[in-house]
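Colleague: Could we go through this model together? I would like to begin with the sheets and then turn to the ligand.

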Amino acid sequence: MIPISRPAIGKEELKAVKEVIESGTLSSGAVTKDFEKCFSQYIETEHAIATSSGTSALQVGIEALDINKGSEVITTPFSFIASSNALLFNYLKPVFADIDPDSFNIDPEELEEKITQRTRAVLVVHLYGNPCRMKEIVELCEDHNLILIEDCAQAAGAEYCNRKVGSFGDISCFSFYATKNMVSGEGGMIVTGNEELAERARLLRNHGQNGQYNHVMLGYNYRMTDIQAAIAREQLRKLDKLNAKRIENAKFLTEQLAGIENIETPTVGKDIKHVFHQYTIKVLGGKRDAVLQALNRNGVGARVYYQKPIYAQPIYQRVGLVSRCPVAEEIVDQVISLPVHPMLSRAELKSVVKGVENAVKT
Ligand SMILES: Cc1ncc(COP(=O)(O)O)c(C=O)c1O
């Protein structure tokens with residue numbers, strides 16, 4: 001099976017982990033601090049706060065914003081559930097705005113329509129490594145005095161108008177989960193330009209401690225360990241190269257898959273650096289499930305991200321967060337993500353193409 005992801009871990013990460021283990025500091029320490037500094041320099045934001053996962057980054061980052069309970073936050077229904085769950089954990093109401101069928105990201109016009117007196121924030125997700133239309137979204141937030149939160153879990157290194165995603169939001173969150181463009185096994189990061197928000201997030205991450213055993217607020221243990229940070233710091237050094245390989249692989253797939261009946265390959269908008277966390281095609285004509293099964297049978301580890309809009313998940317239905325987003329509802333039955341990761345050989349990429357050609361004939 002050609003897997004949908006394979007971590008690009010080398011001798012540099014092994015050496016870095018060995019050094020941490022030999023140092024005796026296995027928890028959060030100097031390596032985590034240095035990784036935070038490197039990451040904030042890379043994104044070009046003032047502050048970076050490393051966490052145990054992308055989920056804890058979102059939860060704590062949003063809690064640091066201190067938005068009134070019950071406020072509405074406009075977000076996308078087409079994402080991994082963690083983005084919108086982070087709102088629920090903070091007693092905020094996700095309001096789902098439909099997506100653009102070509103970029104798969106929240107549609108700024110739909111977003112604008114959902115703004116009400118109760119809206120306090122917007123949470124965008126740069127899905128599959130593809131940046132949202134940030135110019136329009138930033139303008140909307142400014143015009144309506146809304147807080148902007150970016151979920152960059154799938155988009156480390158992606159750019160909009162030559163600016164890294166994560167540098168637009170009041171707070172932005174990243175994930176370094178094992179399948180992401182840069183990995184630490186589990187891990188996450190909050191970035192912000194706001195000193196006060198950064199300080200609150202730092203406190204929330206570490207039991208609300210502002211000094212040894214002095215607790216000024218209720219907090220969690222959402223710290224990153226130095227073992228994770230050692231891996232992530234090496235991965236950050238390699239990130240641009242790894243992303244360049246993903247982009248090259250995506251270009252090859254798009255060229256080779258052109259003209260196949262019922263297959264639409266991904267498009268990349270103007271001024272956008274899409275870093276292809278996923279290479280996602282649309283299968284038209286109601287053939288998605290048959291094509292997926294044929295691909296898997298023939299050794300291509302294709303997957304569907306995601307099978308339903310978030311509001312159609314049982315837990316959302318149960319708590320009454322019912323919504324209708326017709327584009328997202330259509331897209332969930334069309335998408336297939338193909339292997340595009342940087343560890344693929346040219347022979348494997350050719351097998352993916354052959355696999356698609358054969359699968360559409362079944
Ligand atoms: C869009 C999105 N948000 C949030 C997360 C949560 O990150 P983590 O798995 O590191 O908790 C993920 C990834 O898993 C994701 O894809």
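Colleague: In what order do the strands of the sheet with S12, S14 and S15 come, and how do they pair?

Modeller: This is a predicted model. In it, the open sheet has 3 strands in the order S12-S14-S15, and their pairing is antiparallel.

Colleague: Which strands are at the edges there?

Modeller: Strand S12, residues 263-264, and strand S15, residues 335-338, are the edge strands, and each of them pairs on one side only.

Colleague: How many bridges join S14 to S15?

Modeller: Strand S14, residues 279-283, is joined to S15 by 4 bridges, and the two run antiparallel. Within that pair, isoleucine 281 of S14 has isoleucine 336 of S15 opposite.

Colleague: Now the sheet with S6. What is the strand order in that one?

Modeller: The order is S7-S6-S13, in an open sheet of 3 strands with antiparallel pairing. Strand S7 (163-164) and strand S13 (272-273) each have a single partner strand, so one side of each has no neighbour in the sheet.

Colleague: And how many bridges join S6 to S13?

Modeller: There are 2 bridges between strand S6, residues 159-160, and S13, and these strands run antiparallel. Tyrosine 160 is the residue that stands opposite isoleucine 272 in S13.

Colleague: Let us change topic. Where does the ligand sit?

Modeller: The ligand is placed in the largest pocket.

Colleague: Which residues come nearest to the ligand?

Modeller: There are 15 residues around the ligand, and those that come nearest are Gly54, Thr55, Asp151, Ser175 and Lys180.

Colleague: Which helix gives the largest share of that shell?

Modeller: Helix H3, residues 54-65, does, with 3 residues.

Colleague: How does the shell divide into nonpolar, polar and charged residues?

Modeller: The shell holds 6 nonpolar, 7 polar and 2 charged residues.

Colleague: What about individual distances, say for threonine 55 and serine 175 to the ligand?

Modeller: Threonine 55 has a polar side-chain atom 2.5 Å from an oxygen atom of the ligand. For serine 175, a polar side-chain atom is 2.7 Å from a ligand oxygen atom.

Colleague: How much of the accessible area of the ligand does the protein cover?

Modeller: On its own, the ligand has 380 Å² of accessible area, and the protein covers 92% of that.

Technical notes:
Residues are numbered from 1 along each chain as its sequence is written. This is a predicted model: local features need pLDDT of at least 70, side-chain atom pairs count only at pLDDT 80 or more; totals for chains, interfaces and linings use all residues. Side-chain values use heavy atoms; hydrogens and water are left out. A residue is near a molecule or strand if one of its heavy atoms lies within 4 Å of it. A polar contact is a pair of N or O atoms within 3.5 Å; within protein, one must be able to donate a hydrogen and the other to accept it, and residues adjacent in sequence count only if both atoms are side-chain atoms. Accessible areas come from the Shrake-Rupley method with a 1.4 Å probe; for residues, only the protein chains shown count as cover. On a 1 Å grid over the protein atoms alone, a cavity is a set of points where a 1.4 Å probe fits but cannot get out, and a pocket is an open set with protein on both sides within 12 Å along at least five of seven lines; lining residues have an atom within 4 Å of a point. A molecule sits in a cavity or pocket if more than half of its atoms lie within 2 Å of its grid points. Ala, Val, Leu, Ile, Met, Phe, Trp, Tyr, Cys and Pro count as nonpolar, Asp, Glu, Lys and Arg as charged, and the others, Gly among them, as polar. Two strands pair if DSSP finds at least two bridges between them.
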